Amino acid sequence: MRVIREFKIKAKDFIHAGEGSMEIRKALKSLNLNAELVRRISICAYEAEMNVVIHGGDGTMSMALDDTGVVIEVTDNGSGIDDIDLALKEGYTTAGVEAQQMGFGAGMGLPNMVRNSDFFKIESEKDYGTYLIMCFKFNK
Amino acid sequence: MKLSEVREILNAEVISGDDCLDIEITGGAASDLMSVLLGKKPTEGALLLTGLTSIQAINTSVIAGMAAVVFVRGKKPDNAIVSHAKTHKIPILSTSYNMFLSCGKLYSNGLKSITWLP
């Protein structure tokens, strides 16, 4: 598996939020992958990127692939998630007004990532940050 | 439905992408919450109707593969957002109709909701 894209995400930078995920989408499209798969991966990357911008300290995102599928990994050194089970519930949010003005913070981010990925795992430690990995298979 | 028909039905102003009016719209979605559009719905080629003029309305359209954006209630994005939309080839229109009227007019002219698409 080789990493084909890696970039930094800056916390609270709502203006540039999403640029990394759009790069990922562009890279995937150039590989002539199935359009629905590209859409699912792009959405997951974008939601994860927005989460770092909204909640994180700064973070990084990487995309790797091999013949079987794509892996997206995201880490941030933000304040971490208090209760992961609660955060995974649709509609639960701790996002502020700034995120909501951008059309986010509806408590849909993590559920959308779970829904659109083939494998999803999240680990978080209070005051240290959050790590998540999402996998997508080419042939399901 | 073609984007040119959307413009006609909504009496909309084309803010950018007047060379893209020939594109075919697969369905419609209306929301000010971007995450709602990023669920498991067939957004590819669809039209986004929104009152949200932030840069994330454009980014969401790019990520979700949407074909064009219509800003309702006469809203117009600032120049930086227009140029961002041009870079990503997302045509943008603005209509003075509110969200309810815009959706109703498009629906009664045959544009389906994306939730009903196969």
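Two residues are taken to be in contact if their C-beta atoms, placed from the backbone, lie within 7 Å. On this basis, in the predicted model, helix α1(A) lies across strands β1 and β2 of chain A. The direction of α1(A) makes an angle of about 160° with that of β1(A). Helix α2(A) also packs on the sheet, where it touches β1, β2, β3 (69–76) and β5 (129–137) of chain A. The direction of α2(A) makes about 5° with that of β3(A).

The sheet itself is open and consists of five strands of chain A in the order β1-β2-β3-β5-β4, paired in the antiparallel sense. Strands β1 (2–9) and β4 (119–125) of chain A form its edges, each pairing on one side only. From one strand to the next, the twist averages 10°. Seven bridges join β1(A) to β2(A), the latter spanning residues 59–65. Within this pairing, A:Ile9 has A:Gly59 of β2(A) as its bridge partner.

Between the two chains, 22 residues of chain A are in contact with 20 residues of chain B. On the side of chain A that touches chain B, α1, α2 (35–55) and α5 (109–116) of chain A each supply at least two residues. The most is given by α2(A), with six residues. By class, the residues on this side of chain A comprise 10 nonpolar, eight polar and four charged.

One part of the contact between the chains involves α1(A) and helix α3(B), which covers residues 55–63 of chain B. The axes of these helices come within 10 Å and cross at roughly 20°. Angles under 35 degrees count as roughly parallel, and α1(A) and α3(B) are therefore roughly parallel to each other. Their crossing is left-handed. Here A:Ser21, A:Met22 and A:Arg25 of α1(A) meet B:Asn59, B:Val62 and B:Ile63 of α3(B). This contact of α1(A) with α3(B) has three nonpolar, two polar and one charged residues.

A:Arg25 belongs to α1(A), which runs over residues 19–30. A residue counts as buried if 20 or more other C-beta atoms lie within 10 Å of its own; A:Arg25 has 22 within that distance and is therefore buried. Apart from neighbours within four places in sequence, A:Arg25 is in contact with A:Val38 and A:Ser42 in chain A, and with B:Val62 and B:Ile63 in chain B. The C-alpha atom of A:Arg25 is separated by 9.6 Å from that of A:Tyr46, a residue 21 residues apart from A:Arg25 along the chain.

Technical notes:
Residues are numbered from 1 along each chain as its sequence is written. Chains are lettered from A and ligands numbered from 1 in the order in which they are written. This is a predicted model: local features need pLDDT of at least 70, side-chain atom pairs count only at pLDDT 80 or more; totals for chains, interfaces and linings use all residues. Helices (H or I, at least four residues) and strands (E, at least two) are DSSP runs, numbered from the N terminus. A residue is buried if 20 or more other C-beta atoms lie within 10 Å of its own, exposed if 12 or fewer, and partly exposed in between; C-beta atoms are placed from the backbone. Ala, Val, Leu, Ile, Met, Phe, Trp, Tyr, Cys and Pro count as nonpolar, Asp, Glu, Lys and Arg as charged, and the others, Gly among them, as polar. Two strands pair if DSSP finds at least two bridges between them. Axes are lines fitted to C-alpha atoms, for helices over the stretch in contact, and angles run from 0 to 180 degrees between N-to-C directions. Angles under 35 degrees count as roughly parallel, over 145 as roughly antiparallel, 65 to 115 as roughly perpendicular and the rest as oblique. A crossing is left-handed if the near helix is turned anticlockwise from the far one by less than a right angle, and right-handed if clockwise.
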